[in-house]
Amino acid sequence: MGPSAMIRIAIVIASVRPQRRGPVVAQWVLNRALERGDAEYELLDLADHPLPMLDEPIQAVKQKYAHEHTRAWSKVIAAYDGFVFVTPEYNHAPPASLKNAIDYLFHEWNDKAVTFVGYGAVGATRAIEQLRLIAIAVDMVPSKAQVAISAFSEFDGDDFTPAERTEAMLTHALSRLVARAHALRWLRLGGCTGDALEPSLIRASTIPVKRLQ
Ligand SMILES: Cc1cc2nc3c(=O)[nH]c(=O)nc-3n(C[C@H](O)[C@H](O)[C@H](O)COP(=O)(O)O)c2cc1C
């Protein structure tokens, strides 16, 4: 992947329960994202990557994975430069499925951009505040920007019609995400320390970075 290669953004569907609303919201995000043409965007549905409740004996920071499902999840996340977490709010918090998927890894999330699309009574704003703190704990760079979708005025049953303001919030959130994803890719390549590595040789997740624990 050379320096001109497009960045890769995963639009993560955080809820996994039957009859969830996550996919319809994520599909809208993907449609708008693809119209931009400024990055490679893909849906990443946690339901397609079923992980048991964290069962790794060693904390992810050591990157000594005992299970094949963890190694597979590691490869999936390592391949992206940034993320849109499409999330509901369960009891004022992010769904356990997303927290669990985050907890499985550490280095694969480091120095990557993340923004948030929430839906619920108050646009999942309380869940997203928590997600920002969780993102920092795995050394991601969370955005101030977010999209807050009202379960009352923008949903009619399962039909989702985003308001004009919601569309504007998404445009802004994606613009910030893509800009930061570029900057952070450069950082991961070593560009910010003056000893940039040859970009074509590097995958983001393979850069050895000494970190304070
Ligand atoms: C366990 C549970 C807890 C919930 N708690 C909240 C909440 O705290 N705030 C809120 O706005 N909606 C809450 N809801 C309603 C959800 O916003 C609504 O069910 C939404 O569709 C969930 O997203 P999903 O369909 O993708 O699972 C809750 C739903 C569930 C299942």
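## Arg 180 and its surroundings

Leaving aside neighbours within four places in sequence, Arg 180 is in contact with Ala 113 and Val 141, two residues being in contact if their C-beta atoms, placed from the backbone, lie within 7 Å. This is a predicted model, in which local features need pLDDT of at least 70 and side-chain atom pairs count only at pLDDT 80 or more, while totals for chains, interfaces and linings use all residues. Residues are numbered from 1 along each chain as its sequence is written.

Arg 180 lies in helix α5 (residues 164-188); helices (H or I, at least four residues) and strands (E, at least two) are DSSP runs, numbered from the N terminus. With 22 other C-beta atoms within 10 Å, Arg 180 is buried, where buried stands for 20 or more other C-beta atoms within 10 Å of the residue's own, exposed for 12 or fewer, and partly exposed for the range in between, with C-beta atoms placed from the backbone. Although Arg 180 and Asp 81 are 99 residues apart along the chain, their C-alpha atoms are separated by 9.4 Å.

Strands β3 and β4 pair in the parallel sense over six bridges, pairing being assigned if DSSP finds at least two bridges between two strands. Val 117 of β4 is the bridge partner of Val 86.

## Ala 145 in strand β5

Ala 145 belongs to strand β5 (residues 141-150) and counts as partly exposed, with 17 C-beta neighbours inside 10 Å. Not counting residues up to four places away in sequence, Ala 145 touches Thr 115, His 172, Ala 173 and Arg 176. Its C-alpha atom is separated by 7.4 Å from that of Phe 116, 29 residues apart along the chain.

The buried residues of α4 are Ala 127, Ile 128, Leu 131 and Ala 135. Seen down the axis of α4, they fall within an arc of 90 degrees, so they line one face of the helix; the arc is that of the directions from the helix axis to the C-beta atoms. These buried residues pack against β3 (82-87), β4 (113-120) and β5, whereas the face turned away from the buried side carries the exposed residues Leu 133, Ile 136 and Ala 137.

In helix α3 (residues 96-103), the buried residues are Ser 97, Leu 98, Ala 101 and Ile 102. They cover an arc of only 130 degrees around the axis, which puts them on the same side of α3. What covers them includes β3 and α4.

## Residues with positive phi

Most residues other than glycine have a negative phi, and most peptide bonds are trans. Gln 19, in the loop between β1 (8-13) and α1 (22-36), has a positive phi of about 60 degrees although it is not a glycine, and Gln 19 counts as exposed, with 5 C-beta neighbours inside 10 Å. Ala 124 likewise has a positive phi of about 60 degrees; this residue is found in the loop between β4 and α4 and counts as buried, with 31 C-beta neighbours inside 10 Å.
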